[in-house]
Amino acid sequence: MSRWRAGLQQLRQYPSAVAGAGIILLLVGVSIYSVVAIPYSQALDLWRGGDMWQDHPVNAGPVWADRLAGGAAPRTQTVRADDERVQTEALPGARRIGMPLTFHYDADDFPSELNVFLRADVHDSEAFVRLTWVTPDEREIPLVSRRVSGDQRVSLSQDLDLERRLQAVPHIALMSEAPADADDAPPRVLTGDYELRLDAILFHPEDSLDAELIVYGRVHGLAGTDHQRRDLMVALLWGTPIALAFGLLAAVGTTVTTLVIAAVGVWYRGVVDAVIQRLTEVNMILPLLPILVMVGTLYSTSIWVMLGVVILLGIFSAGIKMYRAMLLPIREAPYIEAAKAYGASNARIILRYMIPRILPVLIPTFVTLIPTFVFLEASLALLGLGDPELPTWGKVLNDAQTQSALYHGFYYWVLSPAGLLMLTGLGFAMFGFALDRVFNPRLRNL
Amino acid sequence: MSEDAPLHVNDLHTWFELRQWGFLRVGSVRAVDGVSFALARGEAVAFVGESGCGKSSLARTLLGLHRPSHGDVVFEGESLATLSDAGLRDYRARVGYVQQDPFGALPPFMDVRRILAEPLIVNGVRSRAERERRIRAVLDEVRLGPAEDILAKFPHMLSGGQQQRVVIARALVLEPTLMIADEPVSMLDASVRVEILNLLRRIQQERNLTLAFITHDLSTVRHYAERIFVMYAGRVIEQAPVDDLLDEPQHPYSRALLAALADPDAANARQQRAVPGGEPPSLLSPPAGCRFHPRCPYAMAGTCDVDDPPQFEPRPRHYSACWLHR
């Protein structure tokens, strides 16, 4: 309809509308990208899986924050043995393998953790493995000796025995300069080429051994990781479509039903209207959040159940009163009487004659309503009523809250989901307010 | 009364019940209170009277928008009181309605094509081509053109006169045999009033429509109607052919109404008019006897305030409900 087209033309003159529309389009773009690039099942795996996180550092900050600070924080390095340097020596009834894992370290800070992953494919008896750490200044530090079969993780950072021997946390002690005379000076990073020497004895000709050293950094990806080594990017990306879908569905569900019910009440008046009004008044004093908490605690915290409850409780909301006030004068408009006079049915009058009249005023309200529901979903998640499966912004905030992220200084963990939430609110609000200016006749000339 | 008459109204009452707390009856507003007349095919009549005399309620009852509380409307042999809901809708389609406020009468969010198509859609004209044909025909009839231009416009883009032509076109598009025009020109500029009235008159004659005007503008009635009904407090108090009533009003109320007309003559500038004081009576509890007696300069105590006057015929085909004619 040309009225809508004219309205859209007019919208372009509002910078806030253009900026708001830009933000909304960006969020929609991110949503589409996330859903296409990380399919649902893969996203669930990435968020709830386990194995794929083990090469991520714990609570690592985002790379961009490190760039801003100078960019010297260590990155995660995965070190594998160089096949050409593996030495094999035959022994009676066994085989000795010398496997050097070398890497260059030049960051300013210590790594956050050191782990060795061993995979021994053995037949008769377990392989015997001995690990030795060689620093750039040629100090040789024996680490552990153990028997290995199958997959095994050697967590150097959490080896208490080693810690006692080195008198410091292993990943700091192993990577620092030789202690000077003044003992109380803080340890300093020693840069250069390190080597983890792995000596193994295998007892069967077909046995094989593979090893991997992970030197965990202190930054990871664009969003960092959480306490479970999960990449927060998954939650931030997938949180977008979920937040938008929840906000949009809840806003559509509540406004459309509320509007139709208000119109039905206004049109039929009498008992129908009275029942609708009384239901609304009762519903208006029912507190939404405690009911949602109850449903979440007693029944299910699935996001779709929550959406249903939000819409159900939103049907007879205060909006009914507002729409009723707007529709009452329209009910008496001469064109409605004319429509009755040429035989239009009740349903037609409500849907085609009354509702379209207030739609232009309604759309801005509708647009500004979307972020309200996005925030509601985040609040629920923050209260621990988030969807148990899906990664959402609220869940990230909830994890940050329970892990005392701000206390530990993990600002990125709180700021990135909060920033996205605010961006969503800002985009829809700017667009909605501009729409209001264009479509709400009372504001047009102000 | 003529046998040919397609519209008979017999002792029609339209009362609106007032209720307290939604169910306690506390009284009724007697908007139309005992009206009888018959309209012949192709006849144009005017209902005149002050605001609140029941003209518009009568019109709405004739349109089938209000159910009569008592009495009946018989249109082309069908009684309104016995029609089913579906029958009522069908009946409404056969009565055209032209409203007072042309802008309010047009839904602001529909273009003219849609506005004119709506009655056809509602009444089951499914073919788009058929609708388009009838819309163009009726636009041509109300002299609105060029059709291409007008059909795509929204009501706010049209002038008051054009809007009223669209309203008339909408009333005509279902090809009614009875048309009710509720003060069709009172909201229009003086310059376009005559045009619209002439248009209505011409269409009425070309289509041989029965046309009921509702107006309080007595000055234009003479040229656009054949008979006049003067209404007061829900009743028809005088009815007569138009010239007869305007030249020789019989009822004291009609005389007062005519005396209040502006007469474009300089000699009358200082003339004091004998306009009855007081206000129209409450329709909730109308006065006993003649409804006009509290304001009537000729009221006869013991008669006018006790007995309801019947319709007398002081002159041929000129009926007046006043005890003076006894």
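Below are questions and answers on a predicted model with chains A and B.

Residues count from 1 along each chain as written, and chains are lettered from A, ligands numbered from 1, in written order. Since local features need pLDDT of at least 70 and side-chain atom pairs pLDDT 80 or more, while totals for chains, interfaces and linings use all residues, this predicted model is read with those limits.

Me: What radius of gyration does chain A have?
Reply: The radius is taken over C-alpha atoms, and the globule rule is 2.2 Å times the number of residues to the power 0.38. For 446 residues, a compact globule would come near 22 Å. The C-alpha box is roughly 110 × 45 × 40 Å along the principal axes. Chain A has 32 Å.

Me: What radius of gyration does chain B have?
Reply: The C-alpha trace of chain B spans about 65 × 55 × 45 Å along its principal axes. With 326 residues, a compact globule would be near 20 Å. The value for chain B agrees with that: 21 Å.

Me: How many helices and strands are there in chain A?
Reply: Helices are DSSP runs of H or I with at least four residues, strands are runs of E with at least two, and both are numbered from the N terminus. On that count, chain A has 16 helices and nine strands.

Me: How many helices and strands make up the secondary structure of chain B?
Reply: Chain B has 326 residues, of which 41% are buried. Buried means 20 or more other C-beta atoms within 10 Å of the residue's own, exposed means 12 or fewer, and partly exposed lies in between, with C-beta atoms placed from the backbone. The secondary structure comes to 10 helices and 12 strands.

Me: What share of the contacts in chain A with residues at least 6 apart join residues at least 24 apart?
Reply: Two residues are in contact if their C-beta atoms, placed from the backbone, lie within 7 Å. In chain B, 63% of contacts with a separation of 6 or more come from residues 24 or more positions apart. For chain A, the share is 74%.

Me: How far apart are the C-alpha centres of the two domains of chain A?
Reply: Domain bounds come from an automatic or database domain assignment. Domain 1 covers 2–47 + 229–439, and domain 2 covers 77–216. Their C-alpha centres lie apart by 55 Å.

Me: Which helix gives the most to the side of domain 1 of chain B that touches domain 2 of chain B?
Reply: Domain 1 of chain B is 7–94 + 176–325, and domain 2 is 112–172. Their C-alpha centres are 30 Å apart, and 12 residues of domain 1 are in contact with 10 of domain 2. Six residues on the domain 1 side come from one helix, α7 (residues 190–207) of chain B.

Me: At what angle do α2 and α7 of chain A pack?
Reply: Axes are lines fitted to C-alpha atoms, for helices over the stretch in contact, and angles run from 0 to 180 degrees between N-to-C directions. Helix α2 spans residues 15–37 and helix α7 spans 232–268, with axes 8 Å apart. The angle is about 115°.

Me: How many nonpolar residues does the contact of α2(A) with α7(A) have?
Reply: A:L27, A:V28 and A:V30 are among the α2(A) residues that meet α7(A), where A:L237 and A:W238 are among the partners. Ala, Val, Leu, Ile, Met, Phe, Trp, Tyr, Cys and Pro count as nonpolar, Asp, Glu, Lys and Arg as charged, and the others, Gly among them, as polar. The contact has three polar and no charged residues, and the nonpolar count is eight.

Me: Why is α14 of chain A largely enclosed by the rest of the structure?
Reply: The helix runs over residues 393–402. Its buried residues, including A:W393 and A:L397, pack against α7, α13 (346–385), α15 (405–408) and α16 (411–439) of chain A.

Me: Which element gives the largest share of the side of chain B that touches chain A?
Reply: The contact takes 19 residues from chain B and 16 from chain A. Helices α2 (85–93) and α3 (112–122) of chain B each supply at least two residues of the chain B side. The largest share, three residues, comes from α2(B).

Me: Is B:H223 buried or exposed?
Reply: B:H223 is found in helix α8 (residues 218–224) of chain B. Because 11 other C-beta atoms lie within 10 Å, B:H223 is exposed.
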